[in-house]
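Visitor: I would like to learn how to read the side-chain features of a model, taking one kind of feature at a time. Could you give the general idea and then the case at hand?

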Amino acid sequence: MSLRQALLALLTVEPMTGYDLSKAFQASVSHVWHAPDSQIYPELRRMEADGLLVGTEVPWGPRGKKREYHVTAAGLDAFRAWMNEPLSYTRERDPAHLKAAYLEWAEPDAARAQLRAHIANYAERRAEWLEKVREIDTGTSAMLEKRLAHAPKREHASIRAYKRYTYEGLIARAEHEIEWAERGLRLIDELNKADSAPPTAP
């Protein structure tokens, strides 16, 4: 996935300004594709130059204006083509698991602190993703409800199901990482207990 496809996905709901896109991005797509504003705004300009979007000036405040982006037919075709292409997987870059392979170099307390931080990080993410599932189930996800309002009723069940399926995968990944780090904490205790045990008599 690229930032371009993520922005096209959001704009299939409705036209949005860069500011509105940024807010929508952080509330939804950022859970699977992180990008700061410093990347979003230049990409929107490139997409407009490439004919995937059309920008129009809309009033903002008493005197100001903002640029509102509409996805073009070419943009929809590009998004549809990407959705139908098989995904090319990249090689892993995982600093947490890289460090885990060499924890014998760390002091036990430092190793424990790193694993506890890993647990806290994924526990926070899991809570966010569980909240997203709750919003899907209760009809309180603003972005999803906008998408449903613009979609034929026959597609509503599949739209909801795929969104829920995505967050279920993220929750499962978080739970796996938490369990992995908890096993690491137990491993540290076991190894240090063995190291500190008094030598047995010959």
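**Reading charges, rings and surface**

Guide: Arg-112 and Asp-189 form a salt bridge in which the closest N and O atoms are 3.0 Å apart. Arg-112 belongs to helix H6 and Asp-189 to helix H8 (residues 156–196), so this pair ties together parts that are 77 residues apart in sequence. Please keep in mind throughout that this is a predicted model.

Visitor: What is the general idea behind such a pair, and how many salt bridges does a search of the whole structure find?

Guide: Side chains of opposite charge can pair when their charged atoms come close. In this case, the search of the whole structure finds 15 salt bridges.

Visitor: Which residue forms a salt bridge with Glu-145, and where do the two partners lie?

Guide: Glu-145 forms a salt bridge with Arg-160, and the closest N and O atoms are 3.1 Å apart. This pair links distant parts of the chain, with Glu-145 in helix H7 (residues 142–149) and Arg-160 in helix H8, 15 residues apart. Glu-145 is partly exposed, with a relative accessible area of 26%, and Arg-160 is also partly exposed, with 27%.

Visitor: How should I read the salt bridge between Glu-179 and Arg-183, and where do these two residues lie?

Guide: Their side chains meet at 3.1 Å, N to O, and both residues lie in helix H8, 4 residues apart, which is about one turn of the helix. Glu-179 is partly exposed at a relative accessible area of 33%, and Arg-183 is partly exposed at 39%.

Visitor: Which residues are linked in a network of salt bridges?

Guide: The network links Arg-4, Glu-43, Arg-46 and Asp-50. Arg-46 lies in helix H3 (residues 37–49) and is partly exposed, with a relative accessible area of 43%. A polar contact of 2.9 Å joins the side chain of Arg-46 to that of Glu-43, while the C-alpha atoms of Arg-46 and Arg-4, which are 42 residues apart along the chain, are separated by 9.3 Å.

Visitor: How are aromatic rings read, and what count of aromatic pairs is reached here?

Guide: A pair of aromatic rings is described by the distance of the centres and the angle of the planes. Here the count comes to 1 aromatic pair. A ring may also have a charge over it, and in this model the charged end of Arg-125 sits over the ring of Tyr-122, 5.1 Å from the ring centre.

Visitor: Which residues form a nonpolar patch on the surface?

Guide: Leu-98, Tyr-102 and Trp-105 form this patch, and together they have about 450 Å² of accessible area. Trp-105 lies in the loop between helix H5 (95–100) and helix H6 (108–138), and Trp-105 counts as exposed because its relative accessibility is 75%, over the 50% limit.

Visitor: Where is Leu-52 found, and is Leu-52 buried or exposed?

Guide: Leu-52 is found in the loop between H3 and strand E2 (53–60), and at 10% relative accessibility this leucine counts as buried. Separation along the chain and separation in space can be read side by side, as for Leu-52 and Arg-91, which are 39 residues apart in sequence and 29 Å apart in space, C-alpha to C-alpha.

Definitions and conventions
Residues are numbered from 1 along each chain as its sequence is written. This is a predicted model: local features need pLDDT of at least 70, side-chain atom pairs count only at pLDDT 80 or more; totals for chains, interfaces and linings use all residues. Side-chain values use heavy atoms; hydrogens and water are left out. Rings of Phe, Tyr and Trp (its six-membered ring) pair if their centres lie within 6.5 Å; planes under 30 degrees apart count as stacked, over 60 as edge-to-face and the rest as tilted. A charge sits over a ring if NZ of Lys or CZ of Arg is within 6 Å of the ring centre and within 35 degrees of the ring normal. Buried means under 20% relative accessible area, exposed over 50%, partly exposed in between (1.4 Å probe, protein chains only). A polar contact is a pair of N or O atoms within 3.5 Å; within protein, one must be able to donate a hydrogen and the other to accept it, and residues adjacent in sequence count only if both atoms are side-chain atoms. Patches are made of residues with over 30% relative accessible area and no salt bridge: like charges are joined within 9 Å, nonpolar side chains (Val, Leu, Ile, Met, Phe, Trp, Tyr) within 5 Å. Accessible areas come from the Shrake-Rupley method with a 1.4 Å probe; for residues, only the protein chains shown count as cover. A salt bridge is a side-chain nitrogen of Lys or Arg within 4 Å of a carboxyl oxygen of Asp or Glu.
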